[in-house]
Amino acid sequence: MNPLYYCFAMESSTDDLNRIISNQKNLLETIPAMVLLVKNGSTIEYMNPSARNFLGDLCKLPENAPHQQKKTCFKFLELVTKTIQDKQIGDTLETTFFESHLEYTLAPFEGYKGDALYWLFMRDLTDNKNQLAELSLFHNSIETILSHKINELKESQIMRRKLTKELNSLKEHLQEQPVEGKMVGSSRALRELRDMVFQVAKSDATILITGESGTGKELVANLIRESSNRNNKPFLKINCNTISDSLLESDLFGHEKGSFTGADGKRIGKFEVVDGGTIFLDEIGDISPRMQAALLRVLQDGELIRVGGNMPIKIDVRVIAATNRNLAMMVQDGSFRLDLFYRLNIINISIPPLRERKEDLIDLTAHFIRRYRQAFKKEINFLPQSILDRLMEHDWPGNIRELENVIQRAVLMAKNNLITENELFFDIQPGDKNQTPYDNYLQRLDGRTLKDMVANIEKDIIVYSLEKNRGNVAETVQQLDIGKTAFYDKMKRYQISPKDHK
Ligand SMILES: Nc1ncnc2c1ncn2[C@@H]1O[C@H](COP(=O)(O)OP(=O)(O)OP(=O)(O)O)[C@@H](O)[C@H]1O
Ligand SMILES: [Mg+2]
């Protein structure tokens, strides 16, 4: 029997009944929701097309129906029974059916035979659920992206704080007044050294200054002389290893007429010229045994004999000597006279290498930046902490001269008045076979086009040469062997102005 008869069997006229049945049938047959009529919790009496499409036909299944069909049917009947037991009739509930999510409502159906009948209305929510799941996934990934962005922002804030701190590095030092010609540094070693210089300067004692290359031996010699009583008397500096031995002897002690070929007349030596003043003998470890003997006479007896002569001449000269060689070792191996060593070494000022007093590095760096920003007319007012850290890490085999060179180059090459890693090149030490002079330079050019690199090098050469010639274009042009017009063209292209390099 058509299940709708359960509903309408009691209606008055057959026509009315048929009309109502037809309307209700149309409704049930066309609505997208699934509608089932379940009897006694044991059989499915009716399924509308939506329900049949979704579940297959489960109405009044015979005993021999396929297993899968019976299983599906059983599951629904079970659902109905449970909903009745739980007194959830009329509630909107949800269940899963295999892979699908279903929303369902159980409603009582008044049958005329008194059978226990129920409408089961169902809607497939699987698509909705999937969309919700997708939305929540999307939501989660938005949250992840946002939390990344927030972290990035936090990091950039930390970075900004760090950069601000970096900006302040050296700022105060750089504002201090320059102290040209003074020994910069406040390490204990340097304070003691400075004290010693002023203590010994006033006496006339011979002083031997020792220390590695570039530690400041000449600077100390200058200070001693400046602070001595002879500061307004002549001061002569002789680099003993740049003049040949015989010339050095005649240069220092003079010669008599005809004492050697070419000695046309008598010549007064530098010791006599400087009489009453100070003489600085640099690289004293390089003088010959003959010179050592002559020098010993000066230091021991205060007199000299001109080359080719035999008359001792009294002189009053204060000697300051310097060397980066180990004179004590040279005495041991017989290349330096012991008696001369004693005479020279009456007062020894030994300058420690920079790597043993890195506390001085900040003062020295600030000092050289001040010096070279003025020379190169740059507005460098600070040095990033990272650069300072890099300077601190370095071993400084070339000592303060190397530091001065590094800063000089960096200031010269700094773009936008800022020193970065790109402008930091350490000196190549003699004997360092692993490095060529180009290594540092080439690092800076990494990742650029050939044209760009050549232009870069060309610009550096022009700036360097102008700097050397104090902005004099005529001399620079001649030195570089280039036409004046071409040179002006290049200066225009690289925005170089000769007056910036005077
Ligand atoms: N304490 C210092 N403060 C400021 N400048 C310094 C200091 N020490 C060295 N310098 C500078 O470093 C450079 C090298 O110093 P100097 O020529 O006196 O070294 P040196 O020991 O004589 O080197 P070398 O053994 O190679 O002759 C100079 O320009 C000097 O002015
Ligand atoms: Mg020197």
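Student: Which residue in strand 13 is the bridge partner of I207?
Tutor: I320 is the bridge partner of I207. Heads up: this is a predicted model, where local features need pLDDT of at least 70, side-chain atom pairs count only at pLDDT 80 or more, and totals for chains, interfaces and linings use all residues. Residues are numbered from 1 along each chain as its sequence is written, while chains are lettered from A and ligands numbered from 1 in the order in which they are written.

Student: How many bridges join strand 6 to strand 13?
Tutor: Four, between residues 207–210 and residues 318–323, and the two strands run parallel. Strands here are DSSP runs of E, at least two residues, and helices are runs of H or I, at least four, numbered from the N terminus. Two strands pair if DSSP finds at least two bridges between them.

Student: What's the strand order in the sheet?
Tutor: It's an open sheet of five strands, 7-10-13-6-14, with parallel pairing. Strand 7 (235–239) and strand 14 (347–350) are the edge strands, each pairing on one side only.

Student: Switching to helices: how do helix 14 and helix 16 cross?
Tutor: Their axes come within 9 Å and cross at roughly 45°. Axes are lines fitted to C-alpha atoms, for helices over the stretch in contact, and angles run from 0 to 180 degrees between N-to-C directions. Helix 14 and helix 16 are therefore oblique to each other; that word covers what's left after roughly parallel (under 35 degrees), roughly antiparallel (over 145) and roughly perpendicular (65 to 115).

Student: Which residues of helix 14 and helix 16 meet?
Tutor: Helix 14 brings L364, T365, F368, I369, Y372 and R373, and helix 16 brings I400, L403, E404, I407, Q408 and V411. Contact means C-beta atoms, placed from the backbone, within 7 Å. By class, the contact of helix 14 with helix 16 has eight nonpolar, two polar and two charged residues. Nonpolar is Ala, Val, Leu, Ile, Met, Phe, Trp, Tyr, Cys and Pro; charged is Asp, Glu, Lys and Arg; the others, Gly among them, are polar.

Student: And what makes the contact between helix 7 and helix 8?
Tutor: The axes of helix 7 and helix 8 come within 8 Å and cross at roughly 45°. V197, V200 and A201 of helix 7 touch V220, L223 and I224 of helix 8. That contact has six nonpolar residues, no polar and no charged.

Student: Which residues are closest to ligand 1?
Tutor: V184, G216, K217, E218 and I400, out of 17 surrounding it, counted when the C-beta atom, placed from the backbone, lies within 6 Å. Helix 8, helix 14 and helix 16 each supply at least two residues of that shell.

Methods
Contact = placed C-beta atoms within 7 Å.
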